[in-house]
Amino acid sequence: MRFIKMFPVFLFVCMKLVLFNLKAYLDVEESVKLAAAIGKAKVDEEIVIAPSQLSLQAVSKKLRGKKVSLCAQDFSYSHSYGAHTGDVLLDDIKKIGCRYAMIGHSEVRHREAPRIGDGDELVSKKIVMCLEAGIVPILCFGETAKEKDSGKTYDVIRRQLESAFSGIDGEAEAEAVLAYEPVWAISSAAGSKGCDIGYVRRIEALARKTVKKSIGFRFVYGGSVDAGNISDYLSDGMIDGVLIGRAGASLSSMHSIFERLKKA
Ligand code: 13P
């Protein structure tokens with residue numbers, strides 16, 4: 001098994017990554033408007049947008065020729081076109097022009113009943129699917145408040161990371177983004193204030209120790225990132241970027257984020 005690296009190494013080193021996960025905050029029309037605004041922004045960071053699945057195609061058209069990458073928020077575990085009612089196929093995601101796909105977001109892992117979330121095994125299989133398709137996986141991982149409070153953070157993260165890449169043999173070279181998103185720090189969690197940088201750095205160090213050496217990864221943080229704190233995360237030498245949810249889902253707060261990036 002050998003996967004191809006798609007980015008020159010210097011991009012890993014220099015360019016910070018700013019990812020916008022629009023979740024299901026916006027309808028198609030609103031997503032396209034927001035994408036148009038993002039497409040006009042002139043910043044040094046690599047910008048990635050993950051609109052709702054139904055908006056991907058329209059947003060992709062809007063961003064044609066712009067220096068903004070497209071990302072799918074998730075995809076189905078179906079390997080080919082066929083009898084899979086309601087599925088979103090990775091093949092389509094690729095044809096639409098996505099360079100990235102998110103896997104294992106906490107809102108997918110911990111879906112509330114009666115829907116079933118993606119477990120570690122499925123996350124691992126989806127990573128292999130992405131790499132085989134030439135799409136860069138953005139692996140989301142992180143502990144819940146309960147796991148943190150019971151002192152299990154490191155164990156949970158080690159398990160998530162080891163399991164995620166278990167389908168890739170030691171020799172295969174692959175590129176990924178690791179998105180550390182502690183569930184308790186996401187803006188939709190009650191009383192969330194985000195996560196301090198020292199804490200994020202400790203998880204980054206754990207990830208470096210845990211993930212196979214053949215996987216080249218960028219480490220980003222997500223959880224209540226906004227215009228007020230984005231520069232703190234991006235100016236940290238150990239953090240390669242940020243993954244933004246709610247603060248990216250309105251034109252005005254998105255505008256403030258870009259203003260902050262221009263000043264950095
Ligand atoms: P918030 O920025 O709203 O905390 O969301 C983070 C997130 O889940 C991004 O994927």
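This is a predicted model: local features need pLDDT of at least 70, side-chain atom pairs count only at pLDDT 80 or more; totals for chains, interfaces and linings use all residues.
Just after helix α6, Gly134 adopts a positive phi of about 80 degrees.

In soluble globular proteins, nonpolar side chains tend to be buried together. The largest nonpolar core of the model comprises 74 residues, and Cys71, Ala101 and Ile138 are those with the most contacts inside it. The greatest contribution to this core comes from strand β6 (residues 174-180), which supplies 6 residues. When residues up to four places away in sequence are not counted, Ala101 touches Cys71, Ala72, Phe75, Ile93, Cys130, Ile135, Pro137 and Ile138.

Helix α8 (residues 153-164) contains 12 residues and should span 16 Å at 1.5 Å a residue; the distance between its end C-alpha atoms is 16 Å, which agrees. Ile157, Gln160, Leu161 and Ala164 are the buried residues of α8. Viewed down the axis of α8, these buried residues fall within an arc of 90 degrees, so they line one face of the helix. An α-helix has 3.6 residues a turn, so residues three or four places apart point the same way. The cover over the buried residues of α8 includes α6 (120-133), β5 (136-141) and α9 (197-210).

The buried residues of α2 are Ser31, Leu34, Ala35 and Ile38. Seen down the axis of α2, they fall within an arc of 105 degrees and therefore line one face of the helix. Glu29, Ala37 and Lys40, on the other side of α2, are exposed. The buried residues of α2 pack against β2 (46-50), α3 (56-62), β3 and α11 (251-263).

In helix α9, the position of Ala205 was considered. Ala205 counts as exposed because 12 C-beta neighbours lie inside 10 Å. Ala205 and Leu131 are 74 residues apart along the chain, and their C-alpha atoms are separated by 24 Å.

Several loop residues were also characterised. Lys23 is located in the loop between β1 (17-21) and α2 (28-40). The phi of Lys23 is near 45 degrees, a positive value in a residue other than glycine. With 17 other C-beta atoms within 10 Å, Lys23 is partly exposed. Ser224, in the loop between β7 (215-222) and α10 (230-234), has a phi near 60 degrees, again a positive value in a residue other than glycine. Ser224 is buried, since 20 other C-beta atoms lie within 10 Å.

The loop between β6 and α9 holds Val183. This residue is buried, with 21 other C-beta atoms within 10 Å. Apart from neighbours within four places in sequence, Val183 is in contact with Ser106, Gly142, Glu143, Thr144, Ala145 and Ala189. Val183 and Gly222 are 39 residues apart in sequence, and their C-alpha atoms are 9.4 Å apart in space.

His84 occupies the loop between β3 (68-72) and α4 (90-96). With 13 C-beta neighbours inside 10 Å, His84 counts as partly exposed. The C-alpha atoms of His84 and Gly194 are 38 Å apart, the two residues being 110 residues apart in sequence.

Finally, the surroundings of the ligand were examined. The ligand is surrounded by 14 residues, of which the closest are Asn21, Ile186, Ser187, Gly245 and Arg246. The residues of this shell divide into 5 nonpolar, 7 polar and 2 charged.

Key
Residues are numbered from 1 along each chain as its sequence is written. A residue is near a molecule or strand if its C-beta atom, placed from the backbone, lies within 6 Å of it. Ala, Val, Leu, Ile, Met, Phe, Trp, Tyr, Cys and Pro count as nonpolar, Asp, Glu, Lys and Arg as charged, and the others, Gly among them, as polar. A nonpolar core is a set of buried Ala, Val, Leu, Ile, Met, Phe, Trp, Tyr and Cys residues joined through C-beta atoms within 7 Å. Helices (H or I, at least four residues) and strands (E, at least two) are DSSP runs, numbered from the N terminus. Two residues are in contact if their C-beta atoms, placed from the backbone, lie within 7 Å. The expected span of a helix is 1.5 Å times one less than its number of residues. The arc is that of the directions from the helix axis to the C-beta atoms.
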